[in-house]
Amino acid sequence: MSTPSADRSVHHPGLDGLRGIAVLLVIVFHSGLGWVPGGFLGVSLFFTLSGYLIVDLLVRESERLGRPNLGAFWSRRLRRLAPASLVTIGAVVGLAAWLATDVEADRIRGDAVSAVAYVANWRSIFADQSYGQLFSAPSPLQHLWSLSIEEQLYLAIPLVVALVFVVGGRRRAVGWVFAALAVASTVGSVFSSSHDIAYFGTHTRAVELLAGAVLACLVGHRLDRIPRWFAAVGAASLVAIVVISCTSDLNSGWVYSGGLAGFALLSVVAIVGSIVGGVQRRVLSLSALTWLGRVSYGAYLVHWPVMVWVNEERVGIGGVA
């Protein structure tokens, strides 16, 4: 997963570390070892962190210029995300003739086209590719559904910011608009007609990015006023994220009934705790975690095709090895 860099605002190493925790949860989950059966929630943490960072940049720019430069924003996103994803997709397609099973080969072509068009999540819905089948019928490109959701929302979210500023609204007004959209997204998840729609739908997963967007609008410019004791709350939220990831799985009913909105709120608290002073920020600023956070996008793109193809059947080595 990708989260935008905070290069146009104050850089917080703790957020790099939080990104590292998120990708680590996902990679351990995808390993199939069962250590973190809810590690897929790392994607949710990525979504919320992305929402916070991109909207913080957009609102700061709008306050300087009167509105965001949409063309420049979309150009930066495309330059950051597209090259690595296209290389990954091309490598998978190129290696498929050599490495893919018949089941994988049937899916890879369609998965590649939908991933390039950033609609992979909707392909998963309409092709009945349940995420619960992740390990039984894997596609080396299946993980790109989350990137598709991000890209779709990266188109829509800046338009909302621009519209509010054009009609005379400011940061707080943008925040309330996003809060209303987050509520609508949660309702859509609760009343979705299937688990696949609740999990893969852009409208149902939007709440996670929107929670971060609300944080950026309503609190982001006042983070220096957060009392230091809040660091303990942030640390508790990070522990809760890990505990929930270790005790939940893809069959947990709360995931498909609006519970991801609650997890997004937990992620919001963890984001704030990663910025304010305290033990959480110090731990997340450790060099190993911040390095992993900085390379998290590449790690996310590459790890799943490797896990699908460099498997026990091919190399004769199982378990942790």
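So, Thr 290: its relative accessible area is 6%, so it counts as buried, where buried means under 20%, exposed means over 50%, and partly exposed is in between, with a 1.4 Å probe and protein chains only. Thr 290 sits in helix α13, residues 287–294; helices here are DSSP runs of H or I with at least four residues, numbered from the N terminus. Leaving out residues up to four places away in sequence, Thr 290 touches Pro 13, Asp 16, Gly 17, Leu 284 and Ser 285, and contact means heavy atoms within 4.5 Å.

Quick housekeeping. This is a predicted model, so local features need pLDDT of at least 70 and side-chain atom pairs count only at pLDDT 80 or more, while totals for chains, interfaces and linings use all residues. Residues are numbered from 1 along each chain as its sequence is written, and side-chain values use heavy atoms, with hydrogens and water left out.

Okay, next up is Gly 234. You'll find Gly 234 in helix α10, residues 230–247, and it is buried, with a relative accessible area of 0%. What does Gly 234 touch, not counting residues up to four places away in sequence? Val 269, Ala 270, Gly 273 and Gln 280. Gly 234 and Val 276 are 42 residues apart in sequence, and their C-alpha atoms are 8.8 Å apart in space.

Now helix α3. The 30 residues of α3, 70–99, should span 44 Å at 1.5 Å a residue, and the end C-alpha atoms are 41 Å apart, which agrees; the expected span is 1.5 Å times one less than the number of residues. There is a kink of about 30 degrees at Ala 82, shortly before the proline Pro 83. The bend at a residue is the angle between axes fitted to the seven residues ending there and the seven starting there. Buried residues in α3 include Phe 73, Arg 77, Ala 82 and Ile 89.

On to the core. The largest nonpolar core has 95 residues, and those with the most contacts inside it are Tyr 52, Val 55, Ile 157, Phe 178 and Tyr 199. Such a core is a set of buried Ala, Val, Leu, Ile, Met, Phe, Trp, Tyr and Cys residues joined through side-chain atoms within 4.5 Å. Helix α2, residues 41–65, gives the largest share of this core, twelve residues. As for Phe 178, its contacts beyond four places in sequence include Val 55, Ile 157, Leu 210 and Cys 217.

Now the rings. How many aromatic pairs does a search of the whole structure find? Ten. Rings of Phe, Tyr and Trp (its six-membered ring) pair if their centres lie within 6.5 Å; planes under 30 degrees apart count as stacked, over 60 as edge-to-face, and the rest as tilted. Trp 145 and Phe 200 make an edge-to-face pair, 5.3 Å centre to centre with 85 degrees between the planes. Trp 145 is in α6 (145–166) and Phe 200 in α8 (195–200), so the pair ties together parts that are 55 residues apart in sequence. Trp 145 and Phe 200 are both buried.

Then there's the tilted pair of Trp 229 and Phe 230, at 6.2 Å centre to centre and 55 degrees between the planes. Trp 229 counts as exposed, at 59% relative accessibility, whereas Phe 230 counts as buried, at 18%.

Conventions
Helix = DSSP H or I, 4+ residues; strand = E, 2+ residues; numbered from the N terminus.
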